[in-house]
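Hi there,

Please have it open while you read.

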Amino acid sequence: DTDRAAGGLEPPMWLNAANLIILVVYSLEVCCKLYLFRHGFFKDHWNVLDLLIVVIEYVMIVVDLLTQLSFSFGFLRTLRLLRLARSGHVLRHFPQLASMVKGLYAT
């Protein structure tokens with residue numbers, strides 16, 4: 001997405017759709033956690049990271065809709081890499097999956 005934007009090209013439609021679906025899933029997860037944990041939600045740093053990812057994505061959508069200027073918000077797009085940190089969190093909870101990923105990197 002960021003590479004295509006840097007080249008002046010629009011990202012493919014399926015990429016935008018996939019991004020929107022992932023955002024909806026993350027949003028539902030964060031809303032459910034907020035409802036269930038209430039004030040305890042903010043005690044877990046991973047929950048705060050999830051909330052930050054969702055908020056940044058919504059900010060990016062609003063910025064994209066409101067501005068069609070040549071000004072680049074690429075620095076905000078790089079914050080999407082925070083999703084990878086969340087993936088690392090999942091790997092710690094599923095050691096079998098972590099060993100499979102390590103095996104893929106080893107080949």
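A disulfide is a covalent bond between the sulfur atoms of two cysteines; here it is taken as a pair of cysteine sulfur atoms within 2.5 Å. The structure holds zero of them. Cys-31 is in no disulfide, and its nearest cysteine sulfur, that of Cys-32, is 7.0 Å away. That distance is too far for a bond. Cys-32 counts as partly exposed because its relative accessibility is 47% (buried means under 20% relative accessible area, exposed over 50%, partly exposed in between, with a 1.4 Å probe and protein chains only).

A word on the source: this is a predicted model, where local features need pLDDT of at least 70, side-chain atom pairs count only at pLDDT 80 or more, and totals for chains, interfaces and linings use all residues. Residues are numbered from 1 along each chain as its sequence is written, and side-chain values use heavy atoms, leaving out hydrogens and water.

Now to helix H3, residues 45-66 (helices are DSSP runs of H or I, at least four residues, numbered from the N terminus).

Other buried residues of H3 include Leu-49, Ile-53 and Met-60. Leaving aside residues up to four places away in sequence, Asn-47 touches Lys-33, Phe-37 and Phe-41 (contact means heavy atoms within 4.5 Å).

Enjoy exploring!

Conventions: Helix = DSSP H or I, 4+ residues; strand = E, 2+ residues; numbered from the N terminus.
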